[in-house]
Every structure is written in structure tokens, then in C-alpha cells.
Amino acid sequence: MSESVEERGAHLSRRSQEKGPPQGERTFACKNDNGTALPEQPPSLWRRLEARCSRVSGLPGAGAAITCDDLVRRFGTFTAVDHVSFASAAGEVFALLGANGSGKSTTIRMLTGILAPTAGRIVVDGVDVIREPHAVRARIGYVAQKVSLYPNLRVSENIDFYGGIYGLTRRAVRVRVEECAAWLGFEAGDMRALARELPAGARQRLAILLALLHRPRVVFLDEPTAGVDLGHRRAFFDLMHRLAAGGIALLLTSHHLDEMERCSRLALIDHGQLLGVGTPEGLKETLSGGRRFAVRPHAADRAAVAAVLRAHGVRVEMAPATPGDAMLVWTTAGDEARLHAAVAGIRGGATLTPAPPSLGAVFTEIVAARRARARGAEAVP
């Protein structure tokens, strides 16, 4: 006869208590919804299972759902996160975007109380994360880079197990699953599948469901689209915006530049340093130093058109290769009158249309310039 999910959960708990916490690691106690004490467990177990910890009284203020101020994390002489500050509000899809090794995952581990910062201040849903790193987990959902599922348990058994860890009754779990299953794309038959049989997209959706079981108001997702195909990534962002519309604050990390445009706001990070924070459109203008337009001259003399534009102080990014191609030009914010005057002076006329670059292209250019300057500084004796 196979074990029930309760028996398997009890077995895991007994094994943890028999082994004891890792050397030097303190245990901590938790309670479920009716106040009944749960067995003491080491923090490592509850981190792995996204534990429900002691409830914290008080509601978040009228400001941000997530705030970090002057956040620093050093590992010896290496600075992984270098004085990072930003805030995110409820109802936002906020992203930390940067290349692998830029400090994104280190930042999210500090925001969720898993890793203590070297310096700085963090408040999540009204909880001081540095002072109460375990308590904050009762108020957040967390989806790690590697989805923590029990492969030999069915989907329904994984859900029941996590519901028990969060201190939820079976009825509360069933109600929450019924609320979420339809728009997460789960059907009755999916609940009987073994977790190991799920494709990548379904595993990701199950991880999100588990993170939402206890109705958190803040959800963190670390590289949630890694290894997921383009179609599932698009569906994922549709889901994120649906959750945000319900008032949940979502913070995710990603290194996919094409995902930048789908976020409400984002923070661009490189080598642990913040390059900018804002909306995708706002960051394009801020980081690139202006707005880009396409000038499509009607006349054939392309060189003369470029000369007219440059004479008016317009920066020409790319001259057309063949007649009929657009000429890409830049103008600083608030100084578009000069561009319009230049276009009006083009013999034969021209068509002027906005041509904003992708944020990924701007980010790549800024990072490349920063690294070139750093190499130049290192080369100076």
C-alpha cells in the first residue's frame, strides 16, 4: 500500500529531526492558522519548502510593497551587490534585469530573507526583512530558479503537502486551487500526473500555484522563464499581469532582454550596480540620452540630406544604404523643434516618424560602453 501524502510529510519531518540542523544553524518554531505549534525545524528545511512562519501583525503602509535602500552584499573582497536602491508597489510587475552574474539572484535572496545583506535596509509588505528574516516568509510567495517539487508525488499530492507546510486546511487548499487552476491552465486530469512527468511549462505553472496557496501579497520569482520556450514565456507574462491586476506585487529576475518590454517597471543591473530604474519607455530615453526618429527622404541625394541634418545639430545614427531606406536620427528630449526644422529644410521633402530602439539594444550598448571604460581604466599604468 502506498503512503499517503500526510505519512510522507511526517516521514520527512522525522528524518529532519533525527538528522538535526546543520552545524551552527539555529532551529525556529512555527505555528499554523489555529495557533497549534509545529515541530521545530532548521531554517534550511523551511527555505526549501517556502515555509509559513509566525504571523506578523500590521498592514503595509500606503507606500511601496517592496523597498530596498542602499543594499550591499560582499563575499570577502568581492562585492556582488553594490549600493542598490529601488521600490516596487502593489499591482506592478517589477523586474531585475541583467546578465548572468550581475547580482540579480543575490539581491532576490536578500529581499526574501534567505541571505543577510552586508549593509542596507529592506522592507517587504511592512516587515523589516533584516530584523525578521523568517517572519517575512509568511507574507510572500517565492518561486526559486529550480522548482522544488517532489517528483514521485502526484501534482495533487505536492499541492496538499505544501498546503500543510503553510498551515492550511484541506478545505482552504481546495478552495484556493479551484480559484487558480483555470487561469493557470490546470485541468482535473493534470492533478493526477506525477510531478516528474510534467513538461517545463507545466512545472513552472505548478510552482507558481504553490507560491500562491497562502494568498501572499508579494511574490518573488527568480529566473522563472529560464529554460522555457518563447510561447510559454509570453503566456507567463500574461499570467503575471493578471496577478498584478489583482493587487499582488510581483518581482522577478531575468537575463532575457526581450522580456524587458513586458514589465511595468524594471531595474537594470550590471556587475552589482544599478544602471537605472523606471518604465521601459522611460529607461530607453534616459539611458540613450534622447529619442530616436526615422527620416525617410523623398529626394535621391542621401548625402545632402545627412549634411542638412548634421548642420542643424541632429545626430545621425545610420545613413540609408539604398534610396527609400530610412535615416535613423536622435534628438534630445525637449529639443525636437530643431529636428522638425531640419526636416522642413530637406529639398524634396521627407517623412518623419518615431523609431524607438528596443530596450535590450540600449541596455547592451550601455553595458558594452561601461566595460570598455573599465578595461581602459585598468590599462592605464
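Reply: Thr67 stands opposite Ala87 in E4; helices (H or I, at least four residues) and strands (E, at least two) are DSSP runs, numbered from the N terminus. The model is predicted, so local features need pLDDT of at least 70 and side-chain atom pairs pLDDT 80 or more, whereas totals for chains, interfaces and linings use all residues. Residues are numbered from 1 along each chain as its sequence is written, and side-chain values use heavy atoms, without hydrogens and water.

Strand E3 (residues 66–75) runs antiparallel to strand E4 (residues 78–88), and seven bridges join them; two strands count as paired if DSSP finds at least two bridges between them. Another bridge partner in E4 is Val84, which faces Leu71. Two residues separate the strands of this hairpin, and Gly76 has a positive phi near 65 degrees there.

The open sheet has four strands in the order E4-E3-E6-E7, with antiparallel pairing. E4 and strand E7 (127–128) are its edges, each pairing on one side only. Helix H3 (residues 104–111) packs on the sheet and touches E3, E4 and strand E6 (119–124), where contact means heavy atoms within 4.5 Å. The direction of H3 makes about 120 degrees with that of E3; axes are lines fitted to C-alpha atoms, for helices over the stretch in contact, and angles run from 0 to 180 degrees between N-to-C directions.

Arg121 lies in strand E6. Leaving aside neighbours within four places in sequence, Arg121 contacts Thr67, Cys68, Asp69 and Ile130. Arg121 is partly exposed, at 46% relative accessible area; buried is under 20%, exposed over 50%, and partly exposed in between (1.4 Å probe, protein chains only).
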